Amino acid sequence: MLAIDPAGNTERDNYKLLVGSIIPRPIAFVTTQSAEGVLNGAPFSFFNIVSSNPPMISVSVQHAAGKPKDTARNIMERREFVVHIVDRSNVERINMTAAPLAPDQSEITLAGLTPVQSTAISVPGVKEAKVRMECVLEQTVEFPGFELLIGRVVQFHIAEEIYEQGRIDPHKLGAVSRLAGNSYAGLGEIFEIERPV
């Protein structure tokens, strides 16, 4: 087995080891709004659950050219954002939103996504997602080169066709995950193992 000291690697080398090893990664499509009212949207695979009580999630946003990206800046300024789960039906359009646009341009418009009004916050979501979560910013942890944003979910929106008896049907959701490079994955084999009691 290889032993690799990350201190001797470049940032890119460490990135490749992380994104190639920590797979599959769920993808958050995050919508935010600038102070000027521009609706921003971008996908992030450095994303996960923090807590269920209260319901909280985390998104890590790396800097671009040494500065916070529009998503992080908008969240820190407005303290609101919407997280959508990326699925087979929207992944191609969501991928388009990763294009580097100027802050006054909307990725939502570029990708032909449909804004939909939120109910608990002022930032809109997009209609094309089967799951969206309206969030308020609970905490920002700033690091050199990125921000870790922790949001509290204040409203869930779940498509009726994927919701059954309080649970989400994973097959009907059809969530996709991020691998490395240009690779994505759908749900593969689902198996069960009972937890010890």
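User: Let's start with arginine 73. Which residue does arginine 73 form a salt bridge with?

Analyst: Keep in mind that this is a predicted model. The general idea is to look for a side-chain nitrogen of Lys or Arg within 4 Å of a carboxyl oxygen of Asp or Glu. Here, arginine 73 pairs with aspartate 70, and their closest N and O atoms are 2.8 Å apart.

User: How many residues apart are arginine 73 and aspartate 70 in helix H2?

Analyst: Three residues, so about one helical turn separates the two within helix H2, which covers residues 70–78.

User: And is aspartate 70 buried or exposed?

Analyst: The idea is to check the relative accessible area: under 20% is buried, over 50% is exposed, and in between is partly exposed. Aspartate 70 has 14%, so it's buried.

User: How many salt bridges does the structure hold?

Analyst: Four. Among them is one between arginine 152 and glutamate 138, at 2.6 Å from N to O. That pair ties together distant parts of the chain: arginine 152 sits in strand E10 (residues 146–158) and glutamate 138 in strand E9 (residues 131–143), 14 residues apart. Arginine 152 is partly exposed at 30%, and so is glutamate 138 at 36%. Glutamate 164 and lysine 172 also meet in a salt bridge, at 2.7 Å.

User: Now rings. How many aromatic pairs are there?

Analyst: Just one by the rule used here. Phenylalanine 143 and phenylalanine 146 have ring centres 4.6 Å apart and planes at 15 degrees, which makes the pair stacked. Phenylalanine 143 is partly exposed at 39%, and phenylalanine 146 is partly exposed at 23%. There's also a ring with a charge over its face: arginine 178 lies over tyrosine 184, 4.9 Å from the ring centre.

User: Last one: which residues make the nonpolar surface patch of about 330 Å²?

Analyst: Leu2, Ile4 and Leu17 make that patch. Isoleucine 4 belongs to the segment before helix H1 (11–21), and it's partly exposed, with a relative accessible area of 47%.

Conventions. Residues numbered from 1 in each chain as written. Predicted model: local features only at pLDDT ≥ 70, side-chain atom pairs only at ≥ 80, totals over all residues. Heavy atoms only, no water. Patch = residues over 30% accessible without salt bridge, like charges linked within 9 Å, V, L, I, M, F, W, Y side chains within 5 Å. Areas by Shrake-Rupley, 256 points an atom, 1.4 Å probe, with all protein chains shown as cover. Helix = DSSP H or I, 4+ residues; strand = E, 2+ residues; numbered from the N terminus. Buried < 20%, exposed > 50% of the residue type's maximum accessible area, 1.4 Å probe, protein only. Phe/Tyr/Trp six-rings, centres within 6.5 Å; stacked < 30°, edge-to-face > 60°. Lys NZ or Arg CZ within 6 Å of the ring centre and 35° of its normal.
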